[in-house]
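Here is a short tour of one protein chain.

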Amino acid sequence: MNGGISVKIFVDTNLINQSAHFGWQDKDKALYGLREGYKKSADELVEIAVNSGNNFKILDTYIFPILFSYRHCLEISLKHIYMRAWRKMPAGGHNLLTLWDIIKVEIIDKMINSEEFVEQVKTYKEHFIRYDLNGIECNKVRSMLKELQEANQRDTEIEPAKKQVDQNAEVWRYLMSADDTLFFTKGHSIDYLVLKDGIGYVYDVLDYIYHIVNEYLSS
């Protein structure tokens with residue numbers, strides 16, 4: 001009846017070329033793998049969509065898993081930075097702006113931009129390299145995270161009381177709230193390639209911040 005297909009979902013066949021392996025990672029590698037996996041899989045879906053030959057069934061449906069994956073990769077990136085610095089997950093849940101504000105204060109201000117902290121690093125780094133965030137506009141990064149998190153705030157057809165900030169990462173997962181209210185009630189358009197570039201910019205900034213923290217805290 002099942003046509004030879006296994007009735008199980010998780011099966012270890014020992015076939016290396018078609019198997020995924022997990023559980024071997026420590027916390028740092030786990031978060032790195034997650035953020036890279038969500039980012040790169042979304043990038044590949046973008047390529048599939050824009051090369052679909054104007055297939056609107058793909059163009060108008062792939063956007064949801066793509067945006068959820070992009071949003072999630074940025075959330076994990078923020079948490080990855082904090083985990084590397086303090087060996088624990090930050091408060092803030094899924095709220096991108098709360099997570100960014102924590103990183104800005106606890107990591108950027110108190111570590112990367114702190115002369116006192118940098119002097120401490122010099123005492124144990126054999127080959128010290130000074131890093132900075134010159135050329136990176138932190139306000140721009142926050143603004144882009146805000147745009148992503150408040151995606152449905154511009155939908156003028158939604159009653160103000162029902163407009164929701166996507167602080168729980170629900171907009172692109174469900175497209176409607178727990179009370180059955182649609183997050184979007186009129187047509188919208190998103191350019192896939194502009195989206196990919198924008199997310200790529202924020203992701204690269206967060207990856208660079210992680211790199212600095214990792215370098216400073218490694219002996």
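## Overall fold

The chain has eight helices and zero strands. Read along the sequence, the pattern is α-α-α-α-α-α-α-α. This is a predicted model. The chain has 219 residues, and 37% of them count as buried.

## The largest pocket

The largest pocket holds about 970 Å³ of space. Its lining is made of 31 residues. Closest to the pocket centre are L67, A151, W172, S189 and I190.

Which elements give two or more residues to this lining? They are α2 (56-59), α3 (63-86), α6 (138-149) and α8 (192-217). Of the elements, α8 gives the most to the lining of the largest pocket, with six residues. By class, the lining has 20 nonpolar, four polar and seven charged residues.

## The second largest pocket

About 280 Å³ of space lies in the second largest pocket.

## The cavity

How many cavities of 30 Å³ or more does a search of the whole structure find? It finds one. The space in this largest cavity is about 40 Å³.

Eight names make up the cavity lining: V121, K125, H127, F128, I129, Y131, E215 and Y216. Five of the lining residues are nonpolar, one is polar and two are charged. E215 and Y216 belong to the stretch 192-217, which is α8. Helix α8 also lines the largest pocket, with six residues.

## A nonpolar surface patch

Three residues form a nonpolar patch on the surface: Y174, M176 and L182. Together they have about 290 Å² of accessible area.

Take M176 as an example. Where does M176 sit? Its place is in the loop between α7 (171-174) and α8. Is M176 buried, partly exposed or exposed? M176 counts as partly exposed, because its relative accessibility is 35%. That value falls between the cut-offs of under 20% for buried and over 50% for exposed.

Notes. Residues are numbered from 1 along each chain as its sequence is written. This is a predicted model: local features need pLDDT of at least 70, side-chain atom pairs count only at pLDDT 80 or more; totals for chains, interfaces and linings use all residues. Side-chain values use heavy atoms; hydrogens and water are left out. On a 1 Å grid over the protein atoms alone, a cavity is a set of points where a 1.4 Å probe fits but cannot get out, and a pocket is an open set with protein on both sides within 12 Å along at least five of seven lines; lining residues have an atom within 4 Å of a point. Grid points are joined across faces, edges and corners, and a volume is the space filled by probe spheres set on the points. Helices (H or I, at least four residues) and strands (E, at least two) are DSSP runs, numbered from the N terminus. Ala, Val, Leu, Ile, Met, Phe, Trp, Tyr, Cys and Pro count as nonpolar, Asp, Glu, Lys and Arg as charged, and the others, Gly among them, as polar. Patches are made of residues with over 30% relative accessible area and no salt bridge: like charges are joined within 9 Å, nonpolar side chains (Val, Leu, Ile, Met, Phe, Trp, Tyr) within 5 Å. Accessible areas come from the Shrake-Rupley method with a 1.4 Å probe; for residues, only the protein chains shown count as cover. A salt bridge is a side-chain nitrogen of Lys or Arg within 4 Å of a carboxyl oxygen of Asp or Glu. Buried means under 20% relative accessible area, exposed over 50%, partly exposed in between (1.4 Å probe, protein chains only).
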